[in-house]
Structure formats: structure tokens, C-alpha cells
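Thanks for making time, everyone.

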Amino acid sequence: MAKTIFDRSKAGRRGYRFSPVPSGRPEGIPGEYLRTRPALLPEVGEAEVVRHYTALSVLNHHVDKDFYPLGSCTMKYNPKMNEDIAANPAFSGIHPEQDDEDVQGALEVMHTLEHKLSIICGMDAFSLQGVAGAHGEMLGMMLARRYFDERGEARSKVLVPDTAHGTNPASVHLAGFTAHTIKSGADGGVDLDVLRDALDGDTAVLMLTVPNTLGLFERRIIDIIDCAHRHGALCYMDGANLNALLGRARPGDMGFDIIHINLHKTFSTPHGGGGPGAGPVGVKRALAHLLPFPRVELDAGTYRLVDGVSTGVRSIHSFYGNFAICLRALAYLERVGGEGLARISAAANLNANYLAKAVSDLFPIPYGTRCMHEFVASGQDLKQACGVRTLDVAKRLLDFGIHAPTIYFPLVVPEALMVEPTETESKETLDRFVAVMKQIVAEAKENPGLLAGAPYSCPVRRLDEVSANRQPVVAAPLQ
Amino acid sequence: MKPEDMRFTKEHEWVAVNDDASEAAVGITDYAAGELGDIVYIELPKEGAHVRCMQPMGTIEAVKTVADLYSPLSGVVSAVNKNLENSPEIVNKSPFGDGWFVRIRIADAGELDRLMNYTAYRAMIGKE
């Protein structure tokens, strides 16, 4: 392992010298909060600090380094212009407690973004408060809960297909519903007969991921939604895969009542490593009054951050979500424009279809090579032929400087490899991925042991995932 | 009991029924344990819990995935394998023996007829 910044520390070394601090107790700070000994800080020069962070920045894999086809996560390249705008002191220097008149620009950003997202998704109102995809899901489910409370209906079931995002059942549970998995049909979509059997007067919500995690659009979406509505259920769309639909089809037009989207996936704000993200939630008019406060309203030419107590869901986050992430998303939207949105989905779907076709010679794709923004290949044949698992293939990819696809999900595909190339990758990058996969398959046949030991070139070798799960050590002492 | 004498579900559970068909031990097959890989945590129902045929009664967490554990029969949980709490790897080592999950007091013996025999199960997983 590389040296830590503390390993590099040398007593007395400084990058900058500051003028001496006056002795005695600083004014206004109670004694109990004052240090009794100096803070444990590394003592290093500026060059060492810069080299330390530069070295750290390449230890991990990230989109600024190389290809990151992690299925379902939309790890596309994020234009640096978004960062420049978010770093503008006119935005980064403001505080949410300032008077509305002082922060008209920031309020306009949020109001405009809400409006644009409503148009893109075909919904009537948006809340930007959710700070992650799953946070948005939770808000969406809580809205459904309040919707039925208000109508005096005690419904308990939420139907979730087995090709939905893994976080969906957890959000359902948090809102006090029970998740019921419905099995997909042979084509990978919702089986209308199975759905009809599962729907009843106790069903609160049908929760769909569109396109689903197999990268397939629900061809019978109108019938599916109609079927749920006829039972009085709401239809929720997990919009994490919205980059496949941008500028082409709108969830609201399909009949969805609630949707969450992931700004950090579809709208090009940084993500990975735990955030910060943003999971705005859009609703149809019948649910708009249930959205939490604060809300941004335009009142006679002045934007207001209006506080209040919703009859629906109370606040789920301090202030109004992750503002800087919303700002980046709006910067991205303004730059690509309406036509640009359709080009994004075209490129996302074309890249995935090109890659699916090329990869299918090496790894079969059980649900077909005609997909939307992602596809799921199977490593089952390779496992049976030479004992090499999908996990080994994924680890070997790291040696070629490519992030592994999502593996072993969804469960409907054995030894699953879920690949999402995203719209920002060139044909050359896709071709390189195929060439690497070809080489890995050749290695698997000639020398399966090589793959079992991969990776060889990463900062750490194969991790002991079993011990990490059975005896996790989640706190490490600083010294 | 040998696997040849057990009954099986499509969800890869085995059921070992006692002589008078009043009680059954339940576990998952060697095939299921192999597919899941290293099991790291198992959540089982409590003793005395009512379980329903083909409804989830617990979860099995492996390194690569989390799977629902379905009850193959309706009835009341009469015993739980407490060793699995701290040593879930027993299931990988001995799926048909020490890795049993629960015993169920059978409410409806008729449900046993819906289970597969060993030959049919092996055929289903393509091992025959």
C-alpha cells in the first residue's frame, strides 16, 4: 500500500508560515471545547500534499480515468463546465437562511429545474428535496401512503417485479407497505396475467423500473398501468434509467402517478462513493399538495422559499435538498437543450445495442440483444465450460483498467453481467471493451487459474469478501 | 435422511418428513448453496411462528446476493437451527445435514403431494 499522509509527516515541516496566534483563551468559546493538546495533523510541505492527493485520485477507478460500464448506475462522463458553474462564488457563497431577495438566482435555479423536469417527465409538480435515488423512492412511497390515508383507504401491498431496482422493496418497507415480488414473463417484461392475479383492492402501488434492469422497455406499459389503475392502485416509476427515454417518451404520458429520477445518473452530476446525489420526485396534480415543504414559489415576480407544514409528507431533508447538485443538473440541461436530450437517449441506446451485439458472441444474452440503455449477459456457459465465474471475469477486467459491470443482478439471469456503456463513450472505447472481453474468455479457456487470482495490477488484490461480510471491521483507529 | 428420501420445491428447498407426516425439517439443496456461494447471514423465523406454503419465511444473504427463503409447507415452526446464527457457513459445508434451517409442524399434509421427489428435482436442475 502507498504511504499515507501521516507516514510522510516530519515534525516541524510546514507548507506555509502563519503569523503567531495571540496567547490566552479565544473569546466566546467555552473552556470545555478547547483543545488540551495540539490537533493530530500531518506536518508536510505543499508539494507532498499535492502528490498525496494526486496519488490517491488514481488509486480508485472513476469516470475521469477510464470506462465504467457499471450496469444500472449510468456512470457517464460529467462535463467539467457543470463544476465551474457550481464553484461560482455567487452560488457557493450563499446560505439557505439568507433573505429570499438576496438569493433570487439560486431560487430561480430550483424553480426552473422543477419546471424543466416536469416537462421532461410529463408530471405536474416536482420536489427537489430527496438527496439520493433511494431517498426519492422513500418520499414517493410516503406520498402514496398519505394519498391513501387521505382517502381513508388502508391498502398494504406494493407490487415490485423481479427485474426492478434492488432498493425498491426497502423503500416500500420503510413507508410501511409490504413488497410483493411479481415474476417477469419469458420476454423479461411484466406478465399481464401474473399482474392481474396479484392486483387486488389491497394493492396500493405498482412500482416499476422502466426500462427495467434487463434494459428492456415494457412494451405493454399502457395496458399494465391501466390494469393497476382499474384496481385503484397508484403507479410509481423508478426513473433511474431515464437516460434511455430522454426526449422520446414521458412517464407522465404513460400514466405514471409518481416518479423519482436520479440527477446524478441521468443529468450528469458526479456520483459514486456515497454521493452527494439528488433524487427529485415528480407527481401528478392529484398528489401535488402532499409534497413536503419548503417549496419554491414565484410570487409577483419574486421567488420565495415557502415554508409550511404539508398535510402530506413532512420535510425529509434539511432545507431544499442538495442545491449544488441541482445546479449542476440545470447547467447540463441548459447546455444540451431539448433536442440534445433526444440525442442523449439515442446515443445511450445505440451504444448499448452495439455492445450487446458484439459481446453476445462471447457471453449469451438470454433476453435478446435488442435492448435500450443496458443489457444483461450471462457467464453461465463459461462457468460450465471452464469453471470461471462471472466474479472472476469482473475482477480480471480491472487489470485492463476497465471497471467491472454490475454482476449477479438481476437474479433472473444466471451469472449475470449487467453492462451499461452510457452515451458518453466512443466507438473506440466500446471496441476496446469487446477486445478485452475476448482476451479474458481466451484466458479462461487456456488458464482458468489466472482469472481466479485476478486482479494483479490494482492497489489491492482479490479481497476476502466472505470475511468482510461475516466479521466486518468498520472502524479503524486513526493511530 | 439421505437426499434420495427427501422432497423438493422449485425454489431449491428440501423437505425431510418424519414417519407420521406430522413434522418436517427444511433446508436448501447443495445446488442452491453452490449457486449462492459463500453464505454470510441467515434470517430465520422464530419458534412458534406461523408460516404459509410458498410464502417468504426468511432471507439468505450470500456475498453476491440476497435470496428469499420460502416455506415449502404451511404450519408452525417447531425448531430453529440456532447454529446458523453465528456459523452460516454450515449450510455451504453440509446443506442436507447440519445446515438444516427449521422444523415445521405440518398443518396440511396434502401440501406434501405438490413437492418433487429427488429424481424430478435433479431433472429440473439438469443434473440427470
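This is a predicted model: local features need pLDDT of at least 70, side-chain atom pairs count only at pLDDT 80 or more; totals for chains, interfaces and linings use all residues.

Let's start in chain B: in which loop does H12(B) lie? H12(B) lies in the loop between β1 (7-8) and β2 (13-17) of chain B. A quick word on those labels: helices (H or I, at least four residues) and strands (E, at least two) are DSSP runs, numbered from the N terminus.

Residues are numbered from 1 along each chain as its sequence is written, chains are lettered from A and ligands numbered from 1 in the order in which they are written, and side-chain values use heavy atoms, with hydrogens and water left out.

Back to H12(B): its phi is near 70°, a positive value in a residue other than glycine. A21(B) has a positive phi too, near 55°, and again this is a residue other than glycine. You'll find A21(B) in the loop between β2 and β3 (23-28) of chain B. The cut-offs are under 20% relative accessible area for buried and over 50% for exposed, with partly exposed in between (1.4 Å probe, protein chains only).

Staying in chain B, look at strand β9 (residues 102-106). V102(B), I104(B) and I106(B) make up its covered face, and R103(B) and R105(B) the uncovered one. Which strands sit beside it? β3(B) pairs with β9(B) in the antiparallel sense over 4 bridges, and A25(B) has R103(B) as its bridge partner. Strand β8 (residues 75-80) of chain B also runs antiparallel to β9(B), joined to it by 5 bridges, with V80(B) opposite V102(B). For the record, two strands pair if DSSP finds at least two bridges between them.

Over to chain A. Here there's an open sheet of 3 strands, in the order β10-β12-β11, with antiparallel pairing. β10 (375-378) and β11 (406-407) stand at the edges with a single partner strand each, so one side of each has no neighbour in the sheet. Between β11(A) and β12(A) there are 2 bridges, and I407(A) is partnered with L417(A).

Zoom in on A377(A), which lies in strand β10. At 1% relative accessibility, A377(A) counts as buried. What is A377(A) in contact with, leaving aside its neighbours within four places in sequence? The list is F363(A), P364(A), I365(A), V413(A), E415(A), A416(A) and L417(A), where contact means heavy atoms within 4.5 Å. The C-alpha atom of A377(A) is also 7.3 Å from that of S360(A), 17 residues apart along the chain.

Now helix α15 of chain A, residues 427-446. Its 20 residues reach 29 Å from the first C-alpha to the last, close to the 28 Å expected; that expected span is 1.5 Å times one less than the number of residues. Among its buried residues are L430(A), F433(A), V434(A), M437(A), I440(A), V441(A) and A444(A). An α-helix has 3.6 residues a turn, so residues three or four places apart point the same way. What covers the buried residues of α15(A)? The cover includes α12 (323-359), α13 (380-386), α14 (390-399), β12 (416-419) and α16 (448-452) of chain A.

One of those, α12, also holds N353(A). N353(A) is buried, with a relative accessible area of 18%. Setting aside neighbours within four places in sequence, N353(A) is in contact with T369(A), R370(A), C371(A) and M372(A).

Last stop, two cis peptide bonds in chain A. From V210(A) to P211(A) the bond is cis, with omega near -15°, and P211(A) is in the loop between β4 (203-209) and α8 (221-230). From A454(A) to P455(A) the bond is cis as well, with omega near 0°. P455(A) has its place in the loop between α16 and α17 (465-470).
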